[in-house]
Amino acid sequence: MKLVIDPVTRIEGHLRVVVEVAGGKVTDAWSLCTLFRGFEIFLQGRDPMSAWHMAHRVCGVCPTSHGNTSCMGLEDAFGVTAPWDAWLVRNLMESAQILHSHVLWFYTLNAFDYVDVTSALKAKATTPSLKAVQDKLKAFVASGQLGFLKRGYWGSPLMKLPPELNLELAAHYLQALEIQAKAAQFLAVFGGKFPYHMTTPPGGVTVVPTIEDIANAESLFREVKDFVEGTMYPDLLAIAPYYLDLAGYGRGWANFLAWGVLEDKSHDPYKRVLPRGALYDGQLTPAQKVDPRQVGEWVNHSWYTPPCGNGRNPADGLTVPDFTRYELDHHYSWIKAARIDGKPMEVGPLARMLIAYSYGDPRAKKLVDGALKALGHPGQPQILLSNLGRIAARILEAVLVAQVTEEFFTELTDRVASGKAEWYTPPKIPQSAAGVGAWEAPRGALAHWNHIEDGKLSLYQFVPASNWNFAPRDEKGVRGPVEEVLIGTPVANPEQPLEVLRVLHTFDP
Amino acid sequence: MADQVSSKIIAFFEERGISRRDFLKLCGASAAALGLSPLMHGPIAEALAAAARRPSLVWLDFQECLGCTESTVKAVNPGPAQLLLNILSADYWEAIMAPAGFPATADLQDQVKKGGYICVVEGAIPTRIPQAMTGGTVGTGEAAALRLGPTALETANQVCKRAAAVVCAGTCSSYGGVQAAAPNPTGAKGVQAAIGVKTVNLPGCPVNPVWIVTTVVHNLLFKRLPTLDAHGRPKFIYGQLNHNLCPRRAHFDAGEFVEQFGTAAEARHLCLYKMGCKGPATYSNCPLVLWNDRQSWCIGAGAPCIGCTEPDFWDRMMPFYSRLENVPVPGFLGVEVGADRIGSTLFAATVAGAAIHAGVTAVKRRRRSQEQEGQGKDREGGEGQ
Ligand code: SF4
Ligand code: SF4
């Protein structure tokens, strides 16, 4: 029997998922992106300096990453490197976005899969603030206007938390709404606004931060860091024991890719805070080198003309939409299938944390080993190749990034205080050039390719995180990462495929 | 009368956990920014009584990036939690709602049956390739799995036409936005152009949460739509040029410009006109309300305005780092004359030899600051359509 979830809610983008269920388990799956806008087409012929603003608009949840990636690709083409002080500002904005994204994801997007709001009403409120939250929820329910909470998965036997924990998580849900806005505020100090910061044209940054600006941003950041360390990480450890079954499925192909994020002074992507690398078949031995030239795309199951696929590298990419019909055994998605040397790759915080861990990065090692111990599986990183691992990795990464952000602040403050900071190196726009930027969005590996001819863009291509994780089948019919991860997912009640939704949300689609 | 009215408004918000200070902060500089003055004549009592039941919000997402949702949940005073729990009933909003799939689309069908909701639309509607945006399959089982969901065009026709008001959040739903940039591969259009319903447009890339919140509040209090300009934008938000409200304006008038990013000139916050600023052709109150709880804004962080609240700005304002031509400058046409004429007519205008003249008279300065205080007052008189 086939089941459909459309729309998959609490995500960015437009996603539809179809699963075949037999014997209470998923036996086959199709993930479909139902949106096409045509960035690759309307970017052609445009002014290269302006292009980053446009390429930025691919995603409003991870805009900072698209903006930075676009600029890196253009700087590559222009042959210019932004001053390190400008990179410190970019790193701070990227950190702010990662923190913002992971807080928003864990609570606003993910929590209603695990936290039963109706059970929270029955809890014994142990503190005045929890009592206040409970009263607020009671009043909300009594109003009879349940709004966004109507028809949630309340009372499902899959909801396992005791009422007190549900209440606490509901309180943190409300708090997280404020914290994610704080993270955006700290980004806006440097970026002018979020979403869509305005301050990083190719060559550096426009903003000249003062010591006061930095202090203001840092105090906003502290509130976010306190929440990540003092609330979000403890919440992960508090709810994980009730949902350890999530460690039992969701392994998938276990191929992982990261281009790396948070720049190092050397500009070596293998030395980034979260470094570049690729892991295959769940082998956690040191990650292998990987290059954007290894990317190939396939459109055998996508709504594009055949020449757009055939393993074409995006540096030579082609985007010609061709909607025919919706047929699961034929064409079913607006996403091309991206592969590395023909292999489907999972991207995201789990990929980044595992790759950093595989290199023996001390920060990643300490956090991962600590979490494994706390979860009762010391020395067993293999357990992270699962839905539980994907959830845990997001929280651990937030903790890691909060630590590093502190270092960026210290360095930037010193540089500004020295009066020697440099913010911008004006680029010269070449008549003919090509570039690639390969970086990370919070949800996973992201790359932008450009070609310039006659001083204008002649090609612009992207492979964002969703083109990896939510890729459809390829030429050989091999499933994309999420399609494969879904296989084996239990479905207790076909009317309410909550388990499927949980798996999808672990990818922060 | 005025005191009585404003105390009612304040009480309305205080009951919802928003202090007077918060409320004024939200409004940017003063209550005038929200266009509260016409309140004196409005049916306040009824509006407040009716608001006892939270108005139903249906938020639709079409060809978008979710940036306008992201932006809206960055609102402060009222923040997202207050909006969701105290002020509105978010009866359909894919980005935040608990259910997924058919239970979610069932919520939408319930609302369509009832009608009368505020429909906020994020994203454009593809008309040449309607299947470039589908979603929201109604029903369950194998049949539903083998059928693609309705197109954005079908959903918009069904849902927007049953709304009490359609509010377009951001430039995409207002005018087509980025996907409508030439050559507009999918035939993307704004809601009004695609389905012919009248909309309140809140362009911006993304929308500023202050604009959404003040528009919703306006609706709640006055039970009618704000006065709109020729592009469907509320005048209390988009009534003036960025350039006229910009704190760097004195430097423009004095002919003091940033000539390169990241320089000492930028540290002094000189004018960004020569770096490509589109403020002289862009209507919005960004300089007053700022972004992200008033942390900063584009020009405040040294970035030239790209004109993101203007129709077709991706085509008309690019290249973003080249200076606007035809900008009437002080001493030529004069600040006030230019302010009213440029903008929508800017691109057609031919103002020859627009040389920069330093200095501006004290009279002009004073007139401008009066204009700022009075911003929100409808210059053509009369609130309402
Ligand atoms: S040109 Fe731009 S920076 Fe200069 S005064 Fe006008 S809006 Fe402000
Ligand atoms: S200042 Fe200009 S670019 Fe920035 S948000 Fe306002 S209108 Fe848009």
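A residue is called buried when its relative accessible area is under 20%, exposed when it is over 50%, and partly exposed in between (1.4 Å probe, protein chains only). Keep that scale in mind for the first stop.

**Before you start.** You are looking at a predicted model, in which local features need pLDDT of at least 70 and side-chain atom pairs count only at pLDDT 80 or more, while totals for chains, interfaces and linings use all residues. Residues are numbered from 1 along each chain as its sequence is written, chains are lettered from A and ligands numbered from 1 in the order in which they are written, and side-chain values use heavy atoms, with hydrogens and water left out.

**Stop 1: two loops of chain A.** Select A:Asp281, which sits in the loop between β5 (277–279) and β6 (295–298) of chain A. Helices (H or I, at least four residues) and strands (E, at least two) are DSSP runs, numbered from the N terminus. A:Asp281 is not a glycine, yet its phi is positive, about 50°. Because its relative accessibility is 48%, A:Asp281 counts as partly exposed. Now go to A:Asn310, in the loop between β6 and β7 (337–340) of chain A. Here too phi is positive in a residue other than glycine, near 60°. With 58% relative accessibility, A:Asn310 counts as exposed.

**Stop 2: two domains of chain A.** Colour domain 1 (1–35 + 486–509) and domain 2 (81–250 + 386–426) of chain A; such bounds come from an automatic or database domain assignment. Their centres, taken over C-alpha atoms, are 26 Å apart. In contact (heavy atoms within 4.5 Å) are 14 residues of domain 1 of chain A and 18 residues of domain 2 of chain A. Together these domains bury about 1700 Å², 57% of it from carbon and sulfur atoms; buried area is the accessible area (1.4 Å probe) that two parts lose on being put together, summed over both. Show A:Arg10, A:Arg502 and A:Thr506: they supply 43% of the area that domain 1 of chain A buries against domain 2 of chain A, more than any other three residues.

The term stands for a side-chain nitrogen of Lys or Arg within 4 Å of a carboxyl oxygen of Asp or Glu. Across this domain interface there are 2 salt bridges.

**Stop 3: where the chains meet.** Show both chains. How many residues does each chain bring to the contact? Chain B gives 85 residues and chain A gives 86 residues. Between them, chain B and chain A bury about 7200 Å², with 62% on carbon and sulfur atoms. Pick out B:Leu85, B:Ala98 and B:Tyr321, which supply 9% of the area that chain B buries against chain A, more than any other three residues.

Next, select A:Lys150 and B:Asp110, whose side chains form a salt bridge (3.0 Å, N to O). The count between chain B and chain A is 5 salt bridges.

**Stop 4: two cis bonds in chain B.** Find the peptide bond from B:Ala182 to B:Pro183: this bond is cis, with omega near 5°. B:Pro183 belongs to the loop between α9 (170–175) and β6 (188–189) of chain B. Then move on to B:Cys205 and B:Pro206, joined by a cis peptide bond with omega of about 5°. B:Pro206 is placed in the loop between β7 (200–202) and α11 (209–222) of chain B.
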